[in-house]
Each structure stands twice: as structure tokens, then as C-alpha cells.
Amino acid sequence: MMGNCQTIQQSPMEILSNQEEELGKNTKQELEFSGTSSATVCLGDDVCGTTLLGDQTQDEQSLSPSAISELPLFSLVEQQPPQYQEELGAITYQYSCLEEAQCEASRTGRPILCFEIQLPGDQDAGREIFSHPLVVEAAETLFVTVRTTPKAIAPSARDWTRVRVLDNSGIDVVVGISSNLLSLASMVSLMISGLNALRQPIPTYMLLLEDEETGRVRYTSSGCAQRTDRQAVFGMADSQIGEVEFGDLEGILSTRAGYIGHQQVVQVTYDSVKLCYCNLTRFALQRKIADIIYYLTNDEKIGARMETQRVEAKSDLIKHTCTIQTDVDPKHSLRQTMLRYVPMTDLQATKANRLVAMGVFNEAMHLLSPRQGEILMMSMKNATRQKFDDAVDVPIVRAWSRLSDQ
């Protein structure tokens, strides 16, 4: 039963190939980007058999291209009549009875994502966690969703929520998370751990989301949230190149191109558990990315001076006290393609920008979820792009909401 789930997955590129009747078989669209190279997206048979991302049902695969084109955005996932709960944000749960969810899990081979909610519940979790577009997509396409009421909790408990991952027998396959430990990072990690425990494929977009969110906040053994993301600022001759180069480094969470005065800079956000400031500075100097290193603390100044001496580089050290003005053309390579219309997380956009700049647009598409791939497909079909706003460096929740409202 579990194996069947793996055979019905579709990547954004495979979704695109299913549109060949309308777009023309083996049609190719050239996408120009920074430099002298160009990326080619094959919209026909050439894209078959690519990396698997996300999950599609048998019913979805049987839809004709013309029927698919008439469906509203994000309607490709078949659900039970949608049931909404403010405490669950944008997630529509399929069942309110665990036994019914178990039957569906047995039929589909999917694990059960069980939300135990005390009503009124944690509405903040609904807004901040359960409304993230990629969490919503993963919950609705990779799991059978069920909302239940806790059987027994302390009378004084308020806004109580627990999330569990169960098999088709209703048995927990991993340790669930309750309100005091519930965050976007812990939610994504729970979903991935649950899929792993039942040997389900993990979509790339979910792995990237876990890297990004756990890189920002981690929990101590006592259950306290601790921020682990840090920022560094580097001055350079070309911030477009800087964003591309930093996108190659493990531990980078996001890049932002901008200016301090007339100096081009890139602000880098990084996971301090995976990447220390000294190694980040050494990378910038060895790749000859940075001419200026802006420091915020005395420790950063000492570390930057040590790395400058280590690689025998000539680089100015400047105390960072100014506001960074945003570049009007951030992630230049990404913005030269229709990926500019696709809402992405910071890490997705940072990696996609680098891949496009390297001339491997198809690999950038593998970072997308199926629903993100659908947005890309629709932007390709809409020649005027009138319904799509530039989503580069726009927070994904805001960009997704803006697109859904259009």
C-alpha cells in the first residue's frame, strides 16, 4: 500500500507536460537570464520521468488537459467537502472521526495527520503555522487530515492543541507536539518525521522548508525557543553576483541585495548552528565576493580581521550602523524568468536564483511544490501576465494570499 503512494507522485515539470494538448507537443520556451546563457523549459515529452515532488491522486491524473485548464487555482487536490476551523488556519480537514480517517489511510496508504484541538483553541497557531502555504499543501496532499477533540486535558488548559502523525491503525508513528512546543519549524519536522517513519517519499520543498525554519529557531531541552539565525553584511562590486555565490553555501537561509549609501551590499541570513561567522567571512574572501566586511559586534570585527589575515585578502572592515536600502532588482537571474511570479520561501528563492544563473532552470523547478508548479504553469500560459505580481523577496504567505485574491 505504501509503495502505491510513491508511484503517483508528480513534479511541477510533469504537471507541465500534461498540458501538451494546449501548449503544443514538445514546445520549448526560451527563458533569458543574466549573462550570455539561456535556460530551456521543455513543455512536452522531454520532461517525463523527472524528480518526484509532492503527491497527486489517480483522479487528478485522469483529468484531461482541457478539464485541468478550467479548474480554479489550487483545486487539483481532491478532498472531502472542505471543513474549516479557525484554529486550523487555511488547512481544510477531511474528517472529524478518527475511524473514518483510518479507513481512508488504509485505502490511500497515506499517514494520518491528526489535530487534537480544544475549542476555543490556539488561533495564533492557525494564523502563523497552519496558514503557511507549503504546510497547507503538504497536509492536504501527503496526509489524511482529521480534527478531533481531546479526550482528557486539565480543566485549566486553554488554547490547547496537539498534532500527531498516525498510521492506519491509529497508532502514533512519532512523538506528537503540543501547544507549548508548536512552531512552524516543529510542525514541518513532525510531518517529515512521520512520512519518514512510514517510508513515504519526502518532497524537496518540505526538506528546504525544514532547513529554513529550524535554521531560524530551535528548541532547547527545556522547551524554550532559541533564535539561531544571524545576519552578516558584505560590500562588493556586484551584488547580483554576490547573491548567486552565497546561494551555494550550506547554512545560508536567505540573501538580500541592497545599498549602503552608494555601496552595493548583500545581507546574508544564516543558520549559526551549521555555519559560523568566521567560515562565512572566509568563504566571501576566498571567492573574492566581498571588498568590504561590515561588522555589528566586536567579536565579528575580530573574526573578520582574523579571516582577512588568514587568506591574505585586502578588505576594509567597517562598523555597520546604516540602514540598508533595498535593491530595485533583487535576485536578478530569478527575475528574468517566469519564476518571478511564483511565491517562494527565502531559501527556495535563494537556491533557485543560483540555479537559474548557472543555466539549469529545470533544476530550479525541482525546488517547487506541485502547487507552486501550477502557478508557474499558469504564468506561462498567460502571455500578458496581467494577473501575476512579482513575488521575488515578498514573504511567501503575503505573496500567496495576494495571488489567491486575484
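Analyst: The model discussed here is a predicted one.

User: Is Cys-224 buried, partly exposed or exposed?

Analyst: The class follows from the relative accessible area: under 20% is buried and over 50% is exposed, with partly exposed in between. Cys-224 has a relative accessible area of 46%. Cys-224 is therefore partly exposed.

User: What secondary structure does the protein have, and what percentage of its residues is buried?

Analyst: The secondary structure comprises 18 helices and 14 strands. The protein has 406 residues, and the buried share of them is 53%.

User: Where is Val-173 placed, and which residues does Val-173 touch, not counting those up to four places away in sequence?

Analyst: Val-173 sits in the loop between strand S5 (161-166) and strand S6 (177-178). Its relative accessible area is 24%, so Val-173 is partly exposed. Leaving out residues up to four places away in sequence, Val-173 touches Val-165, Leu-166, Asp-167, Gly-194, Ala-197 and Leu-198.

User: What distance separates the C-alpha atoms of Val-173 and Pro-111?

Analyst: Along the chain, Val-173 and Pro-111 are 62 residues apart.

User: At what angle do helix H10 and helix H15 pack, and how do the residues of their contact divide?

Analyst: Helix H10 (residues 204-216) and helix H15 (residues 346-357) pack at about 115°, and their axes are 8 Å apart. From H10, Tyr-205, Leu-208, Asp-211, Glu-212 and Arg-216 meet Asp-346, Leu-347, Gln-348 and Lys-351 of H15. The residues of this contact divide into three nonpolar, one polar and five charged.

User: How many residues of H17 are buried?

Analyst: Helix H17 (residues 370-381) has twelve residues, and its first and last C-alpha atoms are 16 Å apart, close to the 16 Å expected. Among its buried residues are Pro-370, Arg-371, Glu-374 and Met-380. H17 is mostly covered, and the number of its twelve residues that are buried is ten.

User: Among contacts between residues at least 6 apart in sequence, what percentage joins residues at least 24 apart?

Analyst: A contact means heavy atoms within 4.5 Å. Among contacts in the protein between residues at least 6 apart in sequence, the share joining residues at least 24 apart is 70%.

Note on methods:
Residues numbered from 1 in each chain as written. Predicted model: local features only at pLDDT ≥ 70, side-chain atom pairs only at ≥ 80, totals over all residues. Heavy atoms only, no water. Buried < 20%, exposed > 50% of the residue type's maximum accessible area, 1.4 Å probe, protein only. Helix = DSSP H or I, 4+ residues; strand = E, 2+ residues; numbered from the N terminus. Axes fitted to C-alpha atoms, helices over the stretch in contact; angles between N-to-C directions. Nonpolar A, V, L, I, M, F, W, Y, C, P; charged D, E, K, R; others polar. Expected span 1.5 Å × (residues − 1).
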